[in-house]
Amino acid sequence: MTDLTNYRNIGIFAHVDAGKTTTSERILKLTGKIHKTGEVHDGEATTDFMEQEQERGITIQSAATSCFWNDHRLNIIDTPGHVDFTIEVYRSLKVLDGGVGVFCGSGGVEPQSETNWRYANDSEVARIIFVNKLDRTGADFYRVVKQIEDVLGANPLVMALPIGIEDNFIGAVDLLTRKAWVWKDPNDPAEYDIEDAPEDMSATIEEWREKLIETAVEQDDAVMEKYLEGEEPTINELKSCIRKGTINLSFFPAYCGSAFKNKCVQMILNAVVDYLPNPTEVKPQPEVDLEGNESGEYAIVDPSKPLRALAFKIMDDRYGALTFIRIYSGKIEKGMTVLNTFTGKSERIGRIVEMHADERIELDSAQAGDIIAAIGLKNVQTGHTLCDPDKPATLEPMVFPDPVISIAVAPVDKGASEKLGIAIGKMIKEDPSFRVETDRDSGETILKGMGELHLDIKVDILKRTHSVEVEVGSPQVAYRETVTKRVEDTYTHKKQSGGSGQYGKIDYIIEPSEPGSGFVFESTVTGGNVPKEFWPAVEGGFKKSMEKGVLAGYPCLDFKVTLFDGAFHAVDSSAIAFELASAAAYRQSMPKAGPQLMEPIMKVDVFTPENNVGDVIGDLNRRRSIIKSQEANPTGVRVKAECPLSEMFGYIGTLRTMTSGRGQFSMEFLNYSPCPKNVAEEVITETLAREEAKKK
């Protein structure tokens with residue numbers, strides 16, 4: 001049986017272009033997994049194996065691989081940095097035990113760093129910090145450490161200090177041993193010297209070492225007592241304290257280096273082994289019942305316990321569908337039957353493979369702590385639990401955000417319609433943040449996603465991977481509707497046309513509720529005027545109706561319905577009668593409740609050279625933005641703003657023109673906010689005209 005204490009399930013995450021994939025490549029080279037290092041800018045990185053990734057030099061989907069370092073097995077997931085693909089980071093962090101947060105030495109804490117860090121906090125993942133690219137112009141290790149404290153509210157525990165900076169960066173001083181790790185030949189990552197630290201750094205080393213010890217000893221009362229009595233802890237005692245504090249998220253060991261120049265990656269690998277938890281040291285996964293409530297039971301990481309495994313990613317490649325699985329307890333063997341608690345159906349495990357990017361190694365079995373891929377699972381999707389059929393249980397499912405942007409696509413020729421349907425079916429399984437629906441009136445296929453790049457990649461995958469040529473319509477914003485007034489009303493549904501009739505009377509209140517609350521239903525009926533068994537039907541009628549608002553047919557959100565009275569007929573009342581009554585009540589009362597159009601607001605983060613700040617801010621103001629902050633750093637200025645999504649289409653082109661190609665931006669969904677009256681009128685008119693044109 002494998003020793004789980006030698007396992008490390010880790011993810012590498014960061015903002016776009018901070019060097020995640022390059023760091024992964026160096027790790028694979030140093031651990032002997034690959035023999036030639038592939039570069040991202042050449043499109044040859046091992047974990048960037050999609051054509052679209054190689055062309056654009058970005059990571060689109062998370063890739064899994066494994067390797068060995070100091071007799072420890074590292075299961076590594078390289079994740080995307082672009083905001084449109086954060087779903088990949090979220091679901092990877094959900095199944096990992098530890099992470100390496102990579103930050104650019106000159107860019108510092110960038111927008112996607114914040115989102116990823118928030119996801120890691122939510123999933124309670126232990127992390128180490130790697131401040132990369134210290135060979136770059138404008139790099140400043142100490143400034144980035146300060147940013148991590150201020151912007152992320154995190155507590156970085158500095159473990160190493162850089163020797164030199166920018167072109168003069170040659171290595172780092174390990175604060176525990178006070179020894180310098182120096183790389184003299186950048187072309188040979190394995191060749192480095194461990195020597196005495198530079199004398200001119202001794203004061204700085206002692207200052208930061210004291211901080212490190214003071215923070216670390218807080219984790220162990222006995223060690224702290226010795227330290228307060230003037231006895232310095234041993235290296236092993238300090239390492240034990242640091243490991244404990246890292247696992248309980250008290251602090252995050254911080255290192256420095258340059259992955260591209262092959263400097264200090266060994267220190268990161270040592271830190272992964274020394275400080276990140278093995279599968280038995282993380283909080284066990286809670287089990288939930290069918291309603292999603294915690295049952296009080298936990299999936300204990302133990303191969304001898306009943307099987308508990310989570311499918312966290314589906315990938316379709318030339319050999320068929322692969323289901324990536326994290327096993328929390330028990331074992332999976334080739335040919336065994338498991339239960340999918342979401343569908344209630346059994347699935348047979350055809351083959352088990354260990355992934356190395358897009359290569360696979362066949363396995364006969366896998367156990368608790370392993371991350372593997374299974375071939376042959378028919379109806380498993382992201383977030384489904386696989387378990388022992390005799391001892392069923394469900395693990396906490398994943399929650400995915402709703403898309404904010406959509407485009408209409410149509411196959412170029414009639415013969416491609418069937419191919420389009422099959423291709424889209426596979427793509428939905430792979431990416432839970434990608435949704436598709438068919439417009440009932442026009443028959444158009446509507447693709448919905450997290451941003452322009454997200455949908456652009458999906459169309460590209462349709463063309464190249466699935467050979468389906470499509471015509472693409474202009475992007476559409478996912479507007480919503482809500483109410484602004486309280487309305488008290490009544491509705492009676494009465495139908496008598498031979499045979500049994502239908503009767504249901506409801507008295508109700510419709511009113512605005514808290515932003516983000518969605519739809520809330522409450523019944524305060526007493527005395528049995530509307531029997532309890534009909535309350536779910538009343539709620540269901542309103543719930544189904546809210547999919548279509550009264551202004552322009554957009555889904556309605558953030559309102560509350562209170563059923564306070566009504567009447568029923570002993571013979572003619574039924575659940576269907578009350579459902580029809582509430583659907584008609586919705587149509588009757590919503591126009592009276594001050595309906596209002598809501599638009600998605602995006603959190604926008606723009607990087608611009610200092611000379612172009614005025615132009616960038618002026619342009620953002622024209623796009624109805626609210627400027628939140630400006631932050632200067634050595635290479636330019638970051639402008640943070642909140643802006644309506646409808647104003648941001650094609651923004652990258654404008655920004656590049658204004659900044660001579662040097663500007664960058666990222667945005668993510670923030671919230672829904674009321675549309676200004678003139679904008680709302682325009683949107684409603686356009687939407688209704690579009691709907692009318694479809695009918696014709």
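1. Is Gly 369 buried or exposed? In this predicted model, Gly 369 has a relative accessible area of 0%. Buried means under 20%, so Gly 369 counts as buried.

2. Where does Gly 369 sit in the chain? The residue belongs to the loop that links strand E21 (365-367) to strand E22 (371-375). Setting aside residues up to four places away in sequence, Gly 369 touches Leu 4, Tyr 7, Asn 9, Asn 75, Pro 279, Val 301, Arg 326 and Ile 327. Val 95 is 274 residues from Gly 369 in sequence. Their C-alpha atoms are 9.9 Å apart in space.

3. Next, the cores. The largest nonpolar core holds 75 residues. Val 100 and Ile 242 have the most contacts inside it. Helix H9 (residues 265-275) supplies the largest share of this core, eight residues.

4. Neighbours within four places in sequence aside, Val 100 contacts Ile 10, Gly 11, Ile 12, Phe 13, Ile 128, Phe 130, Ile 268 and Val 272.

5. How do helices H8 and H9 cross? The axes of H8 (residues 235-247) and H9 come within 9 Å, at roughly 80°. Angles of 65 to 115 degrees count as roughly perpendicular, so H8 is roughly perpendicular to H9.

6. Which residues meet at this crossing? From H8 come Lys 239, Ile 242, Arg 243, Thr 246 and Ile 247. From H9 come Val 273, Asp 274 and Tyr 275. The contact is made up of four nonpolar, one polar and three charged residues.

Methods: Residues numbered from 1 in each chain as written. Predicted model: local features only at pLDDT ≥ 70, side-chain atom pairs only at ≥ 80, totals over all residues. Heavy atoms only, no water. Core = buried A, V, L, I, M, F, W, Y, C linked by side-chain atoms within 4.5 Å. Buried < 20%, exposed > 50% of the residue type's maximum accessible area, 1.4 Å probe, protein only. Helix = DSSP H or I, 4+ residues; strand = E, 2+ residues; numbered from the N terminus. Contact = heavy atoms within 4.5 Å. Axes fitted to C-alpha atoms, helices over the stretch in contact; angles between N-to-C directions. Parallel < 35°, antiparallel > 145°, perpendicular 65-115°, else oblique. Nonpolar A, V, L, I, M, F, W, Y, C, P; charged D, E, K, R; others polar.
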